[in-house]
Amino acid sequence: MIKRNLLLASLFVSQILIAQNASITIENRNILTYPYSDPNPVPVLADRKDEIYPYHSFNGYSPTGQMQKWEVIKLENDYIEVYVLPSNGGKVWGAIEKSTGKEFIYRNEVLKFRNISMRGPWTSGGIEFNFGIIGHSPSTCVPVDYKTVENADGSVSCFVGNLDLPSRTKWTVEIRLPKDKAYFETRAMWNNPTPLPQSYYNWMTAAAVVTDDLEFFYPGNQKMGHGGEVGSWPYNQKGRHISLYKENNFESNKSYHVVGEYNDFMGGYYHRSGFGFGHWAFYDNMPGHKLWLWSLARDGGIWEDLLTDTDGQYMEFQAGRMFNQYGGTSAFKTPISQVPFSPGLTDQWTEIWFPVKEIGGIMDVSPMGVLNVKPEKGKLQVGINALAFAKGKVVIKSDGKVIYTEDKEFKPMEVYQTSVPLGTNADYEVVVEGMDLQYSPVKRELIKRPFVSSIPTNITTASSLYQEGMELKESRKYKQAKDIFIKCLQKDPLYLDAMVPLSEMYYRRMEYDSALYYTNNVLQLDTYHPAANYFAGITYQAKSDLTDALEALGWAARSPEYRSTAYAQMSAIQLQLGKNNLAEHYASLALNFNRNNLNALKVLAILYRKSGEVALADKTVETINALDPLNHFADFERNLLHPSPENYLRFTSSIINEMPYQTYLELALDYYNLGLKNEALQVMDKAPAHPLVTLWNAFLKDDSSLLNEITEASAAFVFPYRTETVSALKWALSKNSHWKFKYYLALNYAAIQRDEDAIRLFQSCGQEPDYAPFYLTRAALLKTINEKQELVDLQTAQKLVPDDWRTLNKLIEYYEVRRDHQMALTLSSTAYKKHKNNFTLGLQYATALMNNGQYANSLKTLEGMTILPFEGSSQGRVVFEQACLFLSIDLIQKKRYGEAIKMIEKSKEWPEKLGVGKPYEFDTRMQDYLLIYCLKKLNRA
């Protein structure tokens with residue numbers, strides 16, 4: 001039964017009064033930590049990871065642990081304990097049900113960082129918050145902003161949040177523990193303040209321990225993979241009962257996105273220990289219910305050792321805003337696709353995470369409790385685990401008649417069980433009135449939505465190209481998307497829907513005339529087209545043609561899709577023009593349609609402050625803070641309204657994320673884009689030292705003397721990417737011709753997909769830079785354009801930092817690709833001697849030895865290595881197998897068949913030191929062929 005009344009959780013005030021308030025404490029704990037290190041100063045653009053630039057990656061992972069102090073936020077009430085790690089992505093570290101002492105959110109007692117996330121480091125366990133784009137969030141293992149609050153209702157909250165740099169969206173999650181419930185909540189707020197659609201991806205990834213008695217309770221009748229492929233659930237096509245953990249002992253790692261039923265929960269239950277875990281949220285908020293399992297063979301089991309010491313293997317129960325974590329280009333091959341995060345939108349939703357005990361399973365859930373029902377041996381077994389204070393009435397029906405009723409008062413984690421005689425094959429229904437719980441096997445709310453496409457899709461049409469382009473766009477693959485939209489228009493020059501996203505692609509590139517060319521093409525055919533008017537409006541705005549911007553945005557505002565964001569843009573323009581009454585008018589219109597439009601609220605806060613209406617300004621700031629308690633704009637405005645050491649500290653003390661200077665830059669640009677240079681400078685004056693901060697100070701003050709500070713500062717981890725920074729860098733370059741300004745502007749152009757302009761600037765630097773990452777980046781950009789220059793750049797980088805492993809790695813890779821095995825061996829031999837503990841270089845050396853016919857030496861090198869793998873990596877084992885097989889072929893050619901057989905058998909081994917475990921099945925056809933050949937030669941076939 002679908003729940004639609006969260007208010008039930010607070011109905012029984014008289015009983016709630018006996019609960020003690022929840023508590024929140026900040027502790028410093030010593031936790032055994034296997035740290036990560038070696039941040040990569042080479043921009044990820046060099047590896048074409050455009051979708052996560054300007055983040056940098058990490059390449060160092062320790063095989064040994066050390067005690068390290070971590071700040072731990074502990075939330076506790078009479079029933080559960082919840083732990084949060086703000087310096088580790090703000091993740092929930094774990095949660096414990098107090099009456100049993102058992103974890104219902106797996107808490108890994110060590111922090112064993114391994115190379116799994118988009119940037120590298122990741123730890124298992126807890127609940128990870130993923131916003132932005134598919135994969136583990138870029139902020140998953142770094143400090144995020146946070147604050148703790150004791151609420152008036154006796155609950156406690158820890159707010160964690162961060163800026164997603166590539167999309168410039170902002171997320172905050174409130175981890176809230178009520179005083180009188182046996183669950184905790186996560187309340188998410190995600191805002192897109194930009195004028196553009198952004199990639200939309202959110203999955204809350206929780207972990208639980210696995211045992212062979214674990215059963216998964218995921219309502220649904222189908223499961224989907226990442227590509228949209230569909231299978232049956234809870235039995236697969238081969239009849240395996242895959243909702244039982246132990247029945248997943250086949251193939252490799254599992255990703256089951258369970259769909260097909262209109263229900264609000266998922267969870268798991270350990271039958272031997274009588275305990276379980278679960279998640280609840282409104283279906284329309286979180287329809288994605290994913291079950292993820294490591295392979296039960298050693299290719300998954302190895303990760304138990306790689307990720308923890310004593311806490312055992314785990315699974316993930318993941319809740320998402322979409323049906324699945326889609327990775328691909330649909331082009332109608334599946335109904336599943338991605339969606340954009342609309343400009344100006346603020347999304348909010350609430351989830352609960354709960355324990356369950358003693359009732360045998362999970363058949364229905366509400367914020368009041370958990371129900372399990374099971375017919376067994378002529379009786380109907382009914383169990384209820386309360387999650388809140390409640391008065392419930394248990395009603396059991398069979399054949400439409402009531403056969404049992406009982407009134408019961410519950411308190412959190414109290415368990416009720418009863419059994420009622422029930423005829424074999426008799427129908428039944430159990431309802432717990434007052435607790436919003438109901439279950440009947442014949443009243444499951446299965447949905448008719450198609451998850452498989454039966455429409456022929458093997459032809460390329462304008463529609464299929466458009467669909468493919470949209471998928472690429474929502475994956476942040478903007479350059480490829482642009483090319484596909486152009487192909488779409490070549491096939492159908494009047495395909496209006498493709499012209500609009502194509503204009504967006506050019507807007508992102510700051511090629512505004514091209515953007516207007518496509519929007520105006522649409523408007524020549526349909527003058528009222530909402531999207532074309534919207535993109536024309538923001539493009540005119542970017543060109544400072546404010547009259548045409550207002551005119552086009554006014555038409556866009558006629559459409560519900562663009563109404564609020566268009567009015568907010570118009571409000572911002574009127575503020576720039578000094579027309580305060582109109583700015584207030586349009587901000588109010590934006591809020592009438594979307595009361596959570598933070599852009600409109602920001603305009604009002606500024607407007608009221610500047611016009612001296614302090615009470616209204618204060619009220620607006622509080623409204624923003626109510627939406628996002630970690631909103632730095634609100635905190636800064638409060639300090640502008642009421643300057644004081646306390647308010648200044650309130651502003652600065654919550655900016656504790658990995659890159660605080662980025663927070664200050666983003667805030668300053670909020671003001672700059674509204675034409676408020678003085679406020680932008682006030683933000684910059686308080687920002688931490690960084691070359692990009694200095695750049696903006698110089699630009700805003702028009703003080704070119706400050707640029708010398710940038711030329712003297714290190715270029716490491718200076719990764720400009722915002723469109724606004726292009727103007728600042730072009731100004732700087734007009735004042736100072738130092739190569740760093742060309743380099744930074746080139747990076748910024750590459751970040752907005754203008755590779756041709758980036759390469760031109762890189763080339764203009766010649767050989768002047770004395771910075772190795774410059775040459776590594778230029779070599780990567782020139783890889784398919786100028787092979788000779790690529791080699792020169794790699795060699796230059798190596799000369800600048802001869803002992804740096806990254807430059808050696810890229811130079812060796814250059815020769816590997818060109819099959820110059822002798823040069824690869826010469827370089828890798830020297831490199832590995834310098835960096836004995838670097839398995840990346842070690843693997844290159846072993847590969848080069850094999851490619852040069854030194855198979856025994858290759859195997860010897862591999863035997864002396866320990867590879868800490870990334871998820872899905874297998875290269876170490878591939879080289880091992882190939883070296884064994886090549887050596888066996890050598891032995892066969894020498895007619896040493898017995899020794900060859902031993903080497904053939906050795907090739908079937910899976911040395912776990914090489915970073916991969918043995919799967920259930922693997923291809924041995926080559927080994928079988930060679931083995932038969934040898935046996936025949938020995939007359940043993």
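**Notebook: pockets and cavities**

I began with the second largest pocket and sorted its lining by class: 23 residues are nonpolar, 13 are polar and ten are charged. I note that the model is a predicted one.

I then looked up the extent of this second largest pocket. Its volume is about 1400 Å³, and 46 residues line it. I found Pro 195, Tyr 507, Asn 673, Thr 723 and Glu 724 nearest its centre.

Next I turned to the cavities. I recorded seven with a volume of 30 Å³ or more. The largest cavity holds about 280 Å³ of space. I listed 19 lining residues for the largest cavity, with Leu 163, Lys 170, Lys 602, Glu 666 and Asp 670 closest to its centre. Strand S13 (156–164), helix H11, helix H13 (632–641) and helix H15 each contribute two or more residues to this lining. Which element supplies the largest share of it? I found that H15 does, with four residues.

Last, I examined the second largest cavity, which contains about 90 Å³ of space. Its lining has 13 residues, and those nearest its centre are Asn 162, Leu 163, Leu 165, Asn 657 and Met 659. I noted that S13 and H15 each supply at least two residues of this lining. I classed six of the lining residues of the second largest cavity as nonpolar, five as polar and two as charged.

Definitions and conventions. Residues are numbered from 1 along each chain as its sequence is written. This is a predicted model: local features need pLDDT of at least 70, side-chain atom pairs count only at pLDDT 80 or more; totals for chains, interfaces and linings use all residues. Side-chain values use heavy atoms; hydrogens and water are left out. On a 1 Å grid over the protein atoms alone, a cavity is a set of points where a 1.4 Å probe fits but cannot get out, and a pocket is an open set with protein on both sides within 12 Å along at least five of seven lines; lining residues have an atom within 4 Å of a point. Grid points are joined across faces, edges and corners, and a volume is the space filled by probe spheres set on the points. Ala, Val, Leu, Ile, Met, Phe, Trp, Tyr, Cys and Pro count as nonpolar, Asp, Glu, Lys and Arg as charged, and the others, Gly among them, as polar.
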